[in-house]
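Subject: Structure handover and notes

Dear colleague,

Please find the structure below, followed by my notes on what was found in it. I have kept the definitions beside the terms they belong to.

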Amino acid sequence: MEQIGVGVIGTGWCGGIRAVTAAQSPLVRSLQIAEIRNERLTEVAERTQPTRATTDYREILADPEIVAVMISATPETTHHPMALEALRAGKHVLLEKPMALTLPEADELIGVAETNGLKFTIGYSQRFNPKQALARRSIDDGTLGDPVSVLISRHITRGLGDKISSRIKLSPAAMEATHDIDFALWCLEPRRPVRVYAQEALGVLKPTRDVADTMSIVITMDDGVVVTVGAGWSLPPGYPNFSSTWIEFIGTDGALLMDATYKDIILNTMDDGVVFPLSTMPGESVGHVYAGPMERETQHFLEAVVYDRPVMVNPRSARQTMEVYMAADLSAERNQAVELPLVGEQAEQALEASVRV
Ligand SMILES: NC(=O)c1ccc[n+]([C@@H]2O[C@H](COP(=O)([O-])OP(=O)(O)OC[C@H]3O[C@@H](n4cnc5c(N)ncnc54)[C@H](O)[C@@H]3O)[C@@H](O)[C@H]2O)c1
């Protein structure tokens, strides 16, 4: 069996999961990790036994042993420059969302990956949840008939909302709804989004972080299918990084209604009260098994590299998702619908509405 050298850059929450998964994979000959927080570097190194544990990710990019890298660093301003360096160094790349802050940056990454013949994918992990996969299959195999409308509501805790918005001023559209926009557009392929209308609602995060608590986004597809995504990050504290999700797919021949919250397990203890284990978005390991999408997503990327298979999330579809959430930010700012694609002056205005670093 062919094996490869793999690097993980930024071994926080997500990068830690990716590093552990890579360390366990029979496709990985050697693992190298980079993390600027020494304590976390040591912690992940103890769990994964890498051949290199460094605070300088460039050491990993310079090593010809490394064939593929996963970039999970924050803040999100690191994504585009790190991915560009990695692709230019000839590495296959899995990059956490958002893939970049601007559309030209996204285009640049796609261009370098295509020119260099490299796998390049974005971490839209929800595609690897079985419930979301069922929705996609129910559209693909005609079970629901022709799609009519999609509704997705997602909320995460304010602790996570605060963590995210303390490091970058991106909206709930860019950081939360992005998962559900990607998922809905994936299910509805090859339809394309043509119009976006959005509203933001202010609450507890406005005074402290100057961002909205939730955003409601209506996306019209080119054949008239309407997608509604509501996403927020101000739930009171719950199970660490609790995420709630409700999904409706309505078609001409059927409907699929799903609670994708993973709240079917109630753990009630004297110390912590009621919590909902396994309810985070990336998932978590439970002894010898993993519950959630991020392990499988990571394995899929490694398989795509080793066996030269297509990646699940084509970067062009990630760019499309980016265009939609930027249009949502512009729409919320202007209180009017925004037509896609974003070009010329409107693209500039969307950038100003979306990125407030
Ligand atoms: N797919 C999902 O379900 C999902 C869930 C959460 C977060 N995310 C995305 O994943 C990314 C990571 O999120 P997180 O919650 O793991 O963040 P995190 O802050 O827990 O981890 C990021 C790590 O990157 C490290 N880092 C920063 N600069 C670095 C550098 N130059 N070299 C090496 N390490 C560096 C930080 O020290 C930190 O430990 C985010 O951009 C987020 O958008 C995806």
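Is Asn 116 buried, partly exposed or exposed, and why? Asn 116 is partly exposed, because 14 other C-beta atoms lie within 10 Å; on this scale a residue is buried if 20 or more other C-beta atoms lie within 10 Å of its own, exposed if 12 or fewer, and partly exposed in between, with C-beta atoms placed from the backbone.

Before going further, please bear in mind that this is a predicted model, in which local features need pLDDT of at least 70 and side-chain atom pairs count only at pLDDT 80 or more, while totals for chains, interfaces and linings use all residues. Residues are numbered from 1 along each chain as its sequence is written.

Asn 116 lies in the loop between α5 (103–115) and β6 (120–123), where helices (H or I, at least four residues) and strands (E, at least two) are DSSP runs numbered from the N terminus. Not counting residues up to four places away in sequence, Asn 116 touches Leu 87 and Gly 90, contact being taken as C-beta atoms, placed from the backbone, within 7 Å. The C-alpha atoms of Asn 116 and Gly 287, which are 171 residues apart along the chain, are separated by 39 Å.

On the α5 side the contact is made by Leu 103, Ala 106, Leu 109, Ile 110 and Ala 113, and on the α11 side by Pro 315, Arg 316, Arg 319, Met 322 and Glu 323. By class, this contact has seven nonpolar, no polar and three charged residues, with Ala, Val, Leu, Ile, Met, Phe, Trp, Tyr, Cys and Pro counted as nonpolar, Asp, Glu, Lys and Arg as charged, and the others, Gly among them, as polar.

Elsewhere, Thr 214 is found in strand β9 (residues 214–221) and counts as buried, because it has 23 C-beta neighbours inside 10 Å. Leaving aside neighbours within four places in sequence, Thr 214 is in contact with Pro 172, Ala 201, Gly 230, Ala 231 and Gly 232.

Definitions and conventions. Two residues are in contact if their C-beta atoms, placed from the backbone, lie within 7 Å.
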